[in-house]
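This briefing is meant for someone meeting the structure for the first time. Please keep the sequence and the 3D view at hand while reading the points below.

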Amino acid sequence: MSALLSARGLKIAFGGLKAADGVDLDVDDGEFLAIIGPNGAGKTTFINMATGYLRPQAGKISYAGRNILGMTPRQIVRLGIGRSFQLPQLFTEHTVLENAALAVAARDGIWSPFSPLLRPRFKQEAEELLDRFGLLSQAGQRANALNEGARKLTDIAMAVALRPRLLLMDEPTSGVASSDKMAVVEVLARVLRQSGVTAVFVEHDMEVVARFADRVAVWGQGRITALGPPDQVLNDPDVRREVIGLAPGEASHAAA
Amino acid sequence: MSRAREVVLVLGAAGLVLAIAWFVPWLRFVLTIALAKGLAVLGILLLLRAGQVSFGHALYLAFAAYAAAFGAALVPETLILLPLAALGAALLGLVVGLFVVRYREIFFGMLNLALSMVFYSVLEKFYAITHGTDGIRLPPTTFAGQVLGAEAQGWAMLSLALVLSAFFAWLMRIYLASPLGQALAGIKTREARLEFMGMSARRVLLSAYVLSALMAGTGGAVLGMTTRHVTPALAYWTTSGELVFIAILGGAGSVAGPFLGAIAYELTRVYAAALVADAWQMILGFVLLLVILFAPGGLWAIGRALMGGRRQA
């Protein structure tokens with residue numbers, strides 16, 4: 001498999017904190033890559049660099065063989081890199097359906113001011129999208145009335161509406177009630193596999209990682225300290241010490 | 001509310017305005033002014049959808065009124081002069097908009113205010129061209145090629161104001177329901193998301209800003225051609241404040257709000273000024289206070305509740 005996203009020698013520091021200190025990372029076409037590591041290690045910073053929100057102080061990032069360094073977030077989105085957020089970024093006064101339809105419209109048709117947002121074509125596509133995410137029954141609710149799991153899924157659905165080839169997700173299950181967590185992940189995995197989307201996700205729940213990821217990258221102190229299939233990486237004594245030492249809550253999951 | 005019922009309501013409201021003007025002739029002028037201001041307030045309302053308040057939209061009102069005043073000497077035809085003046089204001093809105101849509105909230109409001117005050121100073125100081133605070137008197141203009149008497153001209157301007165009000169209210173409803181209008185409302189709640197979806201929030205706001213300048217300009221042109229006398233006071237910050245006042249009074253929930261608000265405002269003003277000459281501003285202040293405290297949806301929401309009506313854009 002060829003690398004869809006390729007980072008070489010990425011460096012960025014905030015004051016004295018080195019969030020990335022010479023990171024090389026390839027994301028293969030079609031894979032689900034999990035990034036784990038302690039808080040503040042630079043995982044979200046990586047997503048921010050890959051989507052144009054932060055510019056690395058050194059290094060290169062290319063997507064589908066094309067250098068994307070220095071491009072604006074909007075240009076990068078248009079190339080096919082979507083992202084979702086740790087805190088869902090929804091239009092809180094719009095309904096779930098309108099949120100989804102706006103994302104569909106953002107892909108094509110925003111500048112046609114003479115027909116409504118919920119024109120049959122957009123409405124139908126938005127409904128199909130929500131149906132795939134199991135959100136159709138909540139389509140008429142305002143976005144700020146949803147529970148966290150549904151908000152996360154709506155956030156991701158809006159990113160998927162843009163038909164990205166690569167989706168970067170920042171903690172897709174954080175804040176989701178633990179009883180809903182696996183259901184959310186199942187829905188996500190199914191939709192993304194169906195759409196053929198390559199996914200990178202930052203995650204703290206090792207159970208989710210073990211179930212969802214094809215490969216796991218461990219991000220520690222600005223470097224990738226381990227990379228490989230989940231059963232191998234999650235059972236690595238160094239990784240377990242790192243994870244157990246810095247995030248005790250996840251120790252039992254890591255052992256699973 | 002069904003389409004048919006809406007059309008009946010709009011025609012009924014227009015008929016009511018015409019009837020009032022017929023039975024109380026001196027109110028014809030007041031109502032025309034009210035509708036002209038309502039058009040400008042519609043522009044304020046549009047920007048309110050994005051959560052932005054312009055404290056300087058008198059700029060476009062005054063620009064178009066002065067454009068009509070200068071233009072009347074060259075092209076003395078109402079139906080040509082009015083669209084030209086309004087388009088001039090829209091063009092100015094495009095130029096100013098490119099700059100102000102980079103800012104939000106208090107900075108957006110104050111920048112608009114500052115620019116309108118610059119224009120006010122220009123109108124006031126360049127006496128040789130603008131006649132300063134004396135203002136400019138508009139020569140009579142024809143209406144569709146006809147030379148009308150004062151009476152007929154008054155009716156023509158009121159009818160024109162009614163048609164323009166209905167047209168822009170309709171246009172704005174279509175715009176607000178469109179993806180662009182919905183994205184505009186998104187600026188208020190989650191502007192960053194628009195960028196994440198590959199959309200430029202600034203361009204979305206700019207489109208609304210130009211449309212709002214066009215509407216304020218249309219109102220300004222009607223105002224200028226109705227009063228037949230333009231002064232720098234049109235661009236003064238109190239005029240901009242008045243537009244925001246009317247927007248809140250009428251209610252931001254419907255495109256009917258600005259016109260309801262403007263008519264109520266102008267009628268309150270003329271009657272309060274006649275009854276308590278020194279205290280009419282205080283009365284307006286209390287009215288606004290009551291609206292904010294007890295009816296944040298404005299007169300439109302009160303009217304809707306009275307009619308037992310349903311939600312409407």
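The model is a predicted one, and the values quoted here are computed from it. Between its two chains, 26 residues of chain A are in contact with 20 residues of chain B. Chain A holds an open sheet of six strands, while in chain B the helices α7(B) and α9(B) are roughly antiparallel to each other.

**Where chain A touches chain B**

- On the side of chain A that touches chain B, the elements that give two or more residues are α2 (73-79) and α3 (96-107) of chain A.
- The most is given by α3(A), which supplies five residues to that side of chain A.
- Sorted by class, the side of chain A that touches chain B has 15 nonpolar residues, together with six polar and five charged ones.

**The sheet of chain A**

- The six strands follow the order β6-β7-β8-β3-β9-β10 (chain A), and their pairing is mixed.
- Because β6 (81-84) and β10 (223-228) of chain A each have a single partner strand, they stand at the edges, and one side of each is left without a neighbour in the sheet.
- From one strand to the next, the twist averages 20 degrees.
- Within the sheet, strand β3 (residues 32-36) of chain A and strand β9 (residues 215-220) of chain A pair in the parallel sense, over four bridges, and A:Ile36 stands opposite A:Val218 in β9(A).

**Helices that pack on the sheet**

- Helix α1 (residues 43-50) of chain A packs on the sheet and touches β3, β6, β7 (166-170), β8 (198-202) and β9 of chain A, with its direction making about 145 degrees with that of β7(A).
- Helix α5 (residues 148-161) of chain A also packs on the sheet, where it touches β6 and β7 of chain A, and its direction makes about 170 degrees with that of β6(A).

**A helix pair in chain B**

- The axes of helix α7 (residues 150-177) of chain B and helix α9 (residues 201-227) of chain B come within 11 Å and cross at roughly 175 degrees; an angle over 145 degrees counts as roughly antiparallel, and α7(B) and α9(B) are therefore described in that way.
- Residues of α7(B) in this contact include B:Leu160, B:Leu164 and B:Phe168, and those they meet in α9(B) include B:Leu211, B:Met215 and B:Val222.
- Taken by class, the residues of the contact of α7(B) with α9(B) are 10 nonpolar and two polar, with no charged residue.
- The 27 residues of α9(B) should span 39 Å at 1.5 Å a residue, and this agrees with the 38 Å between its end C-alpha atoms.
- Since 23 of the 27 residues of α9(B) are buried, this helix is largely enclosed by the rest of the structure.

**Residues with positive phi**

- A:Arg163, placed in the loop between α5 and β7 of chain A, has a phi near 55 degrees, a positive value in a residue other than glycine; with 12 C-beta neighbours inside 10 Å, A:Arg163 counts as exposed.
- B:Glu105, which lies in helix α5 (residues 105-125) of chain B, has a positive phi of about 55 degrees although it is not a glycine, and it counts as exposed because it has 10 C-beta neighbours inside 10 Å.

Notes
Residues numbered from 1 in each chain as written. Chains lettered and ligands numbered in written order. Predicted model: local features only at pLDDT ≥ 70, side-chain atom pairs only at ≥ 80, totals over all residues. Contact = placed C-beta atoms within 7 Å. Nonpolar A, V, L, I, M, F, W, Y, C, P; charged D, E, K, R; others polar. Pairing = 2+ DSSP bridges. Axes fitted to C-alpha atoms, helices over the stretch in contact; angles between N-to-C directions. Parallel < 35°, antiparallel > 145°, perpendicular 65-115°, else oblique. Expected span 1.5 Å × (residues − 1). Buried ≥ 20, exposed ≤ 12 C-beta atoms within 10 Å, placed from the backbone.
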